[in-house]
There are 2 protein chains.
Amino acid sequence: MVENDMTAENLRSAYGGESQAYQRYMVWGEKAEEDGFPNVGVLFEAIAYAEQVHAANHFKALENVKGDHLVASGAVFGYGDTVENLEGAIAGEDHEIEQMYPAYSIVAKNQKENDAIKTFHYALEAEKAHSKLFNEAKDSVEEGNDIELEEVNVCSVCGYTIKDEMPDYCPICGEPDEVFETFA
Amino acid sequence: MVENDMTAENLRSAYGGESQAYQRYMVWGEKAEEDGFPNVGVLFEAIAYAEQVHAANHFKALENVKGDHLVASGAVFGYGDTVENLEGAIAGEDHEIEQMYPAYSIVAKNQKENDAIKTFHYALEAEKAHSKLFNEAKDSVEEGNDIELEEVNVCSVCGYTIKDEMPDYCPICGEPDEVFETFA
Ligand SMILES: [Fe+2]
Ligand SMILES: [Fe+2]
Ligand SMILES: [Fe+2]
Ligand SMILES: [Fe+2]
Ligand SMILES: [Fe+2]
Ligand SMILES: [Fe+2]
């Protein structure tokens with residue numbers, strides 16, 4: 001739950017941003033498959049699911065704010081080739097890591113909004129993993145190669161995302177491996 | 001593709017709205033299951049998928065508009081019981097049917113934006129089916145009963161949604177039954 005208007009607005013903006021990130025990653029994942037990079041397609045699908053976890057966490061933190069709102073969110077557009085789409089994905093993740101979530105987190109802390117502090121922290125930490133994975137994928141696709149990938153594991157509690165490995169406990173939220181979803 | 005700023009802005013706004021509708025329906029679907037209405041949960045999940053089809057269609061119509069944009073979209077909030085959530089869903093669908101898509105469509109026609117005309121038309125017609133299905137579900141849940149449901153079929157081209165029936169051809173976009181996704 002949330003008490004202060006500024007944090008409520010930041011939660012709504014972040015919810016709108018995560019919701020749009022989910023959709024563009026699903027579209028770009030399908031495009032990666034069409035472009036001959038099926039493993040990049042799986043990576044997009046897995047990270048889309050992580051953004052869904054963030055969207056759901058932000059939405060639930062807003063449980064006591066009901067009704068219609070006009071939501072303003074930054075979003076990346078463009079339906080290009082897979083290198084361009086990965087560049088768009090990296091730009092969006094890095095904006096969240098460097099600008100959006102640090103700013104929203106410091107306001108939430110100032111306003112002692114515990115639910116928002118937690119959901120912003122989970123998202124910020126998960127986006128760092130996303131940026132790294134998309135950068136590796138971009139390097140590979142620029143050389144004309146799909147990424148090597150057995151599976152991608154995503155924490156359903158915080159959105160933490162890891163390739164070809166299953167941690168015993170999530171390094172961000174501390175939940176055990178049963179809460180992870182596997183994409184392959 | 002899109003040439004005029006006003007239609008591009010309307011496509012982005014509708015994309016933001018559909019993206020957020022997808023996420024709230026997924027959250028509300030899970031809540032319906034927890035509340036003891038699993039078939040309402042399936043209905044939410046199926047209609048969420050229809051909103052994903054709309055989001056993807058709008059996003060692809062914007063293929064030539066690249067980079068960052070601030071997107072302003074109307075969205076419904078609230079994480080209540082399943083009757084309240086269905087009321088929120090109906091309010092959102094009816095806003096799209098009565099206000100948003102008619103306004104965006106008339107501008108797109110005036111600007112001869114053919115891709116936008118098509119994707120707005122598909123969404124507007126599909127939302128009519130959604131509003132009807134959510135209203136039936138609300139009537140049932142208000143009486144304390146889950147809805148009766150075998151399956152929900154959703155057109156992957158236009159988002160048309162129909163319960164317990166598979167049309168030979170989609171009544172909105174005309175595609176054959178193979179393009180439908182089934183939720184049960
Ligand atoms: Fe995220
Ligand atoms: Fe991310
Ligand atoms: Fe986690
Ligand atoms: Fe829709
Ligand atoms: Fe709808
Ligand atoms: Fe259709």
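The model is predicted, so local features need pLDDT of at least 70 and side-chain atom pairs count only at pLDDT 80 or more, while totals for chains, interfaces and linings use all residues. Residues are numbered from 1 along each chain as its sequence is written, chains are lettered from A and ligands numbered from 1 in the order in which they are written, and side-chain values use heavy atoms, with hydrogens and water left out.

Donors here are N, O and S atoms within 2.8 Å of the metal (3.2 Å for Na, K and Ca); water is not among the atoms, so sites may look incomplete. Distant parts of the chain are linked by the pair A:Glu51, in helix 2 of chain A, and A:His130, in helix 4 of chain A, 79 residues apart. Helices (H or I, at least four residues) and strands (E, at least two) are DSSP runs, numbered from the N terminus. Both A:Glu51 and A:His130 are buried; buried means under 20% relative accessible area, exposed over 50%, and partly exposed in between (1.4 Å probe, protein chains only).

The iron ion (ligand 1) is coordinated by A:Glu18 (OE), A:Glu18 (OE), A:Glu51 (OE), A:His54 (ND1) and A:Glu127 (OE), at 2.0 to 2.4 Å. For this ion the spacing of the donors along the chain is E-x32-E-x2-H-x72-E. A:His54 in helix 2 (residues 38-61) of chain A and A:Glu127 in helix 4 (residues 114-142) of chain A are 73 residues apart, and this pair too links distant parts of the chain. A:His54 and A:Glu127 are both buried.

Chain B also holds iron. B:Glu51 bridges the iron ion (ligand 4) and the iron ion (ligand 5), which lie 3.8 Å apart. Because B:Glu18 lies in helix 1 of chain B and B:Glu51 in helix 2 (residues 38-61) of chain B, the pair ties together parts that are 33 residues apart in sequence. B:Glu18 and B:Glu51 are buried.

The helices come next. In chain A, the axes of helix 1 (residues 5-34) and helix 2 come within 8 Å and cross at roughly 165°. Helix 1 of chain A is therefore roughly antiparallel to helix 2 of chain A. Axes are lines fitted to C-alpha atoms, for helices over the stretch in contact, and angles run from 0 to 180 degrees between N-to-C directions. Angles under 35 degrees count as roughly parallel, over 145 as roughly antiparallel, 65 to 115 as roughly perpendicular and the rest as oblique.

In chain B, helix 1 (residues 5-34) and helix 4 (residues 114-142) pack at an angle of about 30°, with their axes 12 Å apart. These two helices of chain B are therefore roughly parallel to each other.
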